Structures are given as C-alpha cells and as structure tokens.
2 protein chains.
Amino acid sequence: MAVLAERFEQNPLITARDLRPSREGLVIEGVLNPGVFTFDGKAWLLLRVAERPEQRAGIVSFPRIKKSGDLEVMEFRRNDPAIDLSDARYVKYNGRTYLSTISHLRLVCSDDGIHFYEPGDRSPFLFGEGELEAFGIEDCRVTFLEGAYYLTYTQVSQSGVGVGLMCTEDWQTFSRKGMILPPHNKDCALFGEKINGKYYCLHRPSGLDLGGHFIWIAASTDLIHWGGYRCIMYSREHCWDGARIGAGASPIRTEAGWLQIYHGADRDNRYCLGAVLLDLEDPTRVLARTLEPILTPEAEYERNGFFGNVVFSNGHLIRGDELTIYYGASDTVICGVRFSIAEILTELKGC
Amino acid sequence: MAVLAERFEQNPLITARDLRPSREGLVIEGVLNPGVFTFDGKAWLLLRVAERPEQRAGIVSFPRIKKSGDLEVMEFRRNDPAIDLSDARYVKYNGRTYLSTISHLRLVCSDDGIHFYEPGDRSPFLFGEGELEAFGIEDCRVTFLEGAYYLTYTQVSQSGVGVGLMCTEDWQTFSRKGMILPPHNKDCALFGEKINGKYYCLHRPSGLDLGGHFIWIAASTDLIHWGGYRCIMYSREHCWDGARIGAGASPIRTEAGWLQIYHGADRDNRYCLGAVLLDLEDPTRVLARTLEPILTPEAEYERNGFFGNVVFSNGHLIRGDELTIYYGASDTVICGVRFSIAEILTELKGC
C-alpha cells in the first residue's frame with residue numbers, strides 16, 4: 001500500500017506574485033523551500049526568495065553581493081560563445097559558474113497553516129552577509145532546540161557551497177555563527193535534542209571522483225564545531241533516488257525511531273520525497289527506508305516551472321499524527337501536503 | 001632573486017625497492033608523501049606506501065579493504081569498453097571510480113636525515129580501518145602538539161575522501177579519532193600551538209559547480225570538532241598554482257608570521273611547491289605569497305614516474321635556519337631538498 005499524500009487544494013500556497021521584490025530593479029523568480037516553525041501561536045514559513053535583475057534583450061544579467069553589502073549586477077551577452085545557459089539555475093561562462101538568481105530568506109505567518117501573510121514590521125529580511133554568502137543564502141532548516149531557534153542554511157559564493165548557522169529567540173535579532181560545514185555541503189538538519197550528551201545533524205557533503213551525494217551524520221558539543229563524520233545513507237542506482245539524496249527538516253521523534261523525510265533525485269533531476277527511520281539511541285543506524293517515494297512531482301505546478309519536476313522540502317509541522325510538509329514545487333512556488341505519520345511508519349515497517 | 005633549492009645529491013632517498021610489500025601478492029607501486037617528525041633523537045618519516053596486486057595479462061586488478069579488515073582484489077578485463085584507465089591513479093568503470101592502488105602508512109628513521117632504515121619491531125604499519133578507509137589512508141601530516149603527535153591524513157573510500165585524525169605518544173599505540181573534516185577534503189595541516197585559545201588547521205575542501213580547490217582554515221576547541229570555516233587562499237588562474245592548491249606540513253612559526261609551504265598544480269597536473277605567510281595572531285590573514293614556486297619538477301625522478309611532473313610535500317624538519325623538505329617525486333619515490341628559511345622570507349617580503 002502506498003502512502004496517501006493529501007495535497008492542499010489551495011496549492012500553490014505562495015507564489016512570486018504574493019511578494020514584493022527586495023529592491024528596485026529585481027524580479028522575484030521563485031519562492032521556494034521554506035523552513036517551517038511555530039512561534040507566537042502561529043505557523044511560520046521562512047521563505048527562500050530567489051531574485052534576478054530585470055532581463056534586457058540580448059543580455060543575461062545576474063546579481064551578487066559585494067563586500068560592502070551592496071548588490072552588484074554582472075552582465076554577459078547572450079550570444080557570447082563562451083556562455084552556457086543550459087541549466088536555468090546557473091550562468092556558466094568560460095568555465096566559471098555563477099548563480100542565475102540570488103536568494104534571501106523572508107518570513108510569512110499564518111493562523112490556519114494555509115493562508116500566509118507578511119507580518120508587517122515583525123519581518124526582517126535575511127540577506128547573505130560576507131564573502132561566503134556573496135551569491136546568497138538558501139533552503140533554511142529551522143530547529144527549535146533548548147529554547148532557541150537554530151537556522152541551518154546553504155551559503156553560496158565563488159569560494160564554494162557550505163552550511164551556515166544562525167540563532168534567534170525572538171525572530172528580530174539573529175546571531176550569525178559562520179560556516180559550520182565546509183564545501184561542498186548542504187541539506188543540514190539538526191536533531192531537536194541531544195542524544196547521549198551530544199548534538200547531531202544530518203548533512204550532505206558531495207564527493208569528487210570518489211563518493212557521491214549521500215546523507216552523512218555529524219556530532220557536536222556546542223553546535224558550532226562538528227566532527228565524528230559518518231556516511232549513513234547512499235543513493236540507490238536505478239531508483240528514484242539514484243543520483244543524489246539529502247535530508248529535509250529536523251528529524252521527527254517517534255516511538256519507532258527518528259523519522260526523517262528526505263529528497264532524492266534521479267539522473268534526470270527529478271526530485272521526489274522519501275522517508276527513512278533512524279535508531280533513537282544511535283541515529284547513525286538506519287532501520288528502514290521507503291522503497292518508493294512518498295511524494296512525486298505530478299501536479300502541473302510540480303512539473304512545470306523555473307526548474308521543473310521538483311518537489312523539495314526542508315520544513316514541516318506536526319500536529320498529533322498529522323504531518324504537514326511544506327515544499328518547493330519546480331523551484332518556483334510553495335505548496336503543502338498532509339500525511340499520516342502512522343501510515344509512513346507502517347510503510348517503513350514493510351521495507 | 002629566486003630561492004635556492006638544494007636537492008640532496010642522494011635523491012631519491014627511498015624507493016619501492018627499499019621496502020617489502022605488506023603482504024604476499026602485492027607489489028609496491030610507489031613510496032611517497034611522508035609525514036616527518038623527530039622522536040627519540042632521530043628523524044622519522046611516516047611513508048605513504050602505495051601497493052597494487054601483481055597484474056596479470058589482460059586484467060586490471062586493484063585492492064580494497066573489506067569490513068572484516070581483509071583485503072579484497074577486484075578485477076576487470078582491460079579490453080572491457082566500460083573501463084577507463086586514462087589516469088594512472090584511478091580505475092574508472094561504468095561511471096564508478098576506484099583507486100588503482102591502496103596506500104598504508106609505514107615508519108622509517110634516520111640518524112642523519114639522509115639514510116633511512118626500518119626500525120625493526122618498533123614499526124607498526126598503519127592500514128585503513130573501517131568503511132571510510134576502505135580504499136586506504138594517504139599523505140599523513142604529523143604535528144607535535146602539547147606532548148603528543150597528531151596525525152592528520154586522507155581517508156579514502158567509496159563514501160568519499162575526507163580527513164582523519166589519530167594520536168600517539170609513543171608510536172606504538174594509536175588512538176583513532178575518526179573523520180574530522182567531511183568530503184571532499186584533504187591536505188589538513190594542524191598548527192603546532194593554540195592561537196588565542198583555539199586550535200587551528202589549514203585544509204582543502206573541494207567545490208562542485210561553485211568553488212574550487214582552495215586553502216581554507218578552521219578552528220577547534222578539542223581537535224576533533226571543527227568549525228569557523230574560512231577560505232583564505234585561492235588558486236591563481238594562468239599561474240603555476242592555477243588549478244588547485246593545498247597546505248603542506250604544519251605551519252612554521254617565524255617572527256614574520258606563520259610560514260606555510262603549500263603545493264599548487266596547473267591544469268596539466270604539474271605540481272610545484274610555493275610559500276605563504278600568515279599573520280601570527282590572526283592566521284586567517286594572508287600577508288604574502290610567493291609569485292613563483294620555490295620547487296618545480298625538474299630532476300628526472302620528478303618528471304617521470306607513476307604520475308609524472310609532481311613534487312608534493314607534507315613533511316619537513318627545521319634546524320635553525322635550515323628547512324629540509326621531504327617530498328614525493330612523481331608519486332613514486334621520496335626525495336629531500338634544503339632551503340634557507342630567511343631566504344624564503346626575503347622572497348615573500350618582495351611579493
């Protein structure tokens with residue numbers, strides 16, 4: 001029996017049209033991959049907002065943040081033979097790679113988990129800061145841990161792609177802790193409590209020549225310094241998760257183990273969601289893993305967009321047995337889908 | 001004025017012929033890239049010994065370590081169209097990459113720093129252990145720190161390439177601390193003392209799409225958990241170090257700053273050595289960097305071998321102003337070269 005995925009009939013919940021660009025001259029290309037949390041009696045999404053400069057005929061332009069914090073617009077001629085625009089996410093020029101868009105993080109909230117709105121002045125935008133975030137910040141996981149919210153997110157720059165950490169208690173002031181996992185790394189999900197006296201996270205370092213795009217675990221005593229690296233899950237050749245896998249949001253504590261929603265992509269860059277169960281006492285131990293995805297790109301908004309055939313999640317809400325996953329569809333819009341946790345666990349027992 | 005590199009007239013100092021294979025059926029392909037230290041009144045090299053199975057006609061075979069600790073020999077037919085042997089260091093098959101050799105670490109010692117010998121029963125071989133070292137361990141830096149020797153080395157497996165740490169006081173028993181830097185990472189050089197209350201290391205994470213093969217720094221409170229990642233040096237396009245750079249052995253404390261010997265390669269995989277000076281109080285600050293290499297592959301043994309046109313170092317000895325660098329030549333043999341530290345610093349002042 002497959003797991004029932006109950007998509008919101010209001011999907012997509014948030015699109016570029018619902019938001020204003022962060023500054024003049026920029027256009028919002030997509031709103032995607034939100035971190036999710038509850039605060040102040042409401043449901044909140046920490047959106048990834050991907051912007052690019054208004055495009056002029058014959059020119060491809062893309063932004064980056066200068067050392068001063070100002071935005072700089074880079075330009076190439078579209079008919080320059082040295083340019084490669086075959087992947088919408090990148091501008092490649094003479095062997096160098098740039099991002100076609102730049103992302104920042106932005107808050108919206110909701111009373112019903114379906115209709116979201118910008119909370120007025122309670123809404124600082126989080127932009128990339130410093131050299132390691134010159135191409136923006138992306139895909140933030142939010143984990144509530146020991147009274148504070150910890151944000152693990154992707155830092156992008158010409159130096160490489162790594163995982164940054166910031167911390168907040170009030171969503172007004174943020175303490176930036178720098179890069180906690182070096183390149184090439186992303187998809188970092190903190191466990192919401194210590195296990196045997198240590199903090200843990202799942203993350204996705206990428207290999208070169210040897211290795212791949214697998215899910216690893218790491219341990220820490222202070223959330224800032226990490227070690228004890230172990231690879232716990234591989235991509236499965238010829239499967240839906242054959243090319244790359246990465247953890248979603250913070251693992252969900254259940255009696256059967258840590259339930260982790262993860263994304264997998266195949267060689268055609270089709271992104272689906274699956275589930276895996278980790279041992280409660282020893283989260284390096286994989287107990288079970290869904291053979292089939294629990295969510296695949298099927299709806300029109302999941303198949304077509306800036307980067308089509310993608311469902312990608314790094315945030316969810318839990319209410320009893322109900323798991324509401326918020327996800328980016330086609331790297332363009334944000335959607336919601338409901339699952340029964342018990343049903344996913346039953347599926348995992350059969351694996 | 002170029003820096004004077006005084007090669008040992010006895011070069012190469014150590015070759016495969018000087019050692020016995022670690023077990024029957026294996027052939028030593030190269031002895032290279034030693035960690036270097038003093039202990040018990042002697043100079044010691046911790047050799048990287050690269051072995052492969054005796055090759056039979058028409059077959060390419062290569063080793064890996066099984067979970068049990070036993071060695072397994074894998075085989076492919078040389079005329080299989082799915083095989084790619086274009087890079088001597090790898091066996092590529094159907095998109096998968098394996099190492100053509102497997103490396104372990106082995107000690108030799110010397111009374112004069114020139115003639116080295118195996119110290120009999122004082123000589124445990126260090127083999128890869130566990131899943132993350134199934135393809136062996138390589139290129140060990142040895143740092144004396146607070147009364148013990150710390151070994152940072154490359155862990156190689158199908159999970160990826162990362163940095164492992166072990167510790168010893170007597171070179172008889174070793175405490176293995178696991179992977180301290182996740183894939184894709186190598187060339188980790190610990191600073192020999194704390195700076196402002198923290199341990200530091202240089203290391204070389206590799207980028208994918210974005211980023212490159214640059215030298216980064218990290219900080220730690222316990223040598224096992226690392227954070228505070230910063231990129232401090234980039235490769236320089238169209239230069240001798242245009243494709244990749246990586247730190248050599250532990251930085252050398254001088255009055256002018258931390259002197260670091262590093263390797264750089266160009267797009268033709270020609271590996272040279274250069275020098276960089278870091279601020280004593282803030283080692284994330286680069287003060288100067290040699291424009292030209294201080295050592296290039298010129299001698300016959302540096303130009304021809306298993307992987308030619310390579311000088312690569314991760315170990316040296318210091319006696320007053322004299323810096324003796326031990327290095328792997330052509331990934332095949334071990335050589336020595338002497339420099340004046342003052343002369344390198346003078347060269348750096350002009351940069």
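**Strand pairing and the A–B interface in a predicted model**

In chain A, strand β6 and strand β7 (residues 90–93) run antiparallel and are joined by two bridges. Strands here are DSSP runs (E, at least two residues), numbered from the N terminus, and two strands are said to pair if DSSP finds at least two bridges between them. The model is predicted: local features need pLDDT of at least 70 and side-chain atom pairs count only at pLDDT 80 or more, whereas totals for chains, interfaces and linings use all residues. Residues are numbered from 1 along each chain as its sequence is written, chains are lettered from A and ligands numbered from 1 in the order in which they are written, and side-chain values use heavy atoms, with hydrogens and water left out.

In chain B, strand β23 (residues 271–278) is mostly covered, with eight of its eight residues buried (under 20% relative accessible area, 1.4 Å probe, protein chains only). In a regular strand, side chains alternate between the two faces of the sheet. In β23(B), B:Tyr271, B:Leu273, B:Ala275 and B:Leu277 are buried on one side, and B:Cys272, B:Gly274, B:Val276 and B:Leu278 are buried on the other. Strand β22 (residues 257–265) of chain B pairs with β23(B) in the antiparallel sense over eight bridges, and B:Tyr262 has B:Gly274 as its bridge partner. Strand β24 (residues 286–289) of chain B also runs antiparallel to β23(B), through three bridges; B:Ala288 in β24(B) stands opposite B:Leu277.

Between the chains, 48 residues of chain A are in contact with 48 residues of chain B (heavy atoms within 4.5 Å). The two chains bury about 3,400 Å² between them, 59% of it on carbon and sulfur atoms; buried area is the accessible area (1.4 Å probe) that two parts lose on being put together, summed over both. A:Leu208, A:Leu210 and A:His225 supply 22% of the area that chain A buries against chain B, more than any other three residues. Two salt bridges are found across the interface (a side-chain nitrogen of Lys or Arg within 4 Å of a carboxyl oxygen of Asp or Glu). One salt bridge joins the side chains of A:Arg96 and B:Glu237 (2.9 Å, N to O).

Note on methods. Buried < 20%, exposed > 50% of the residue type's maximum accessible area, 1.4 Å probe, protein only. Helix = DSSP H or I, 4+ residues; strand = E, 2+ residues; numbered from the N terminus.
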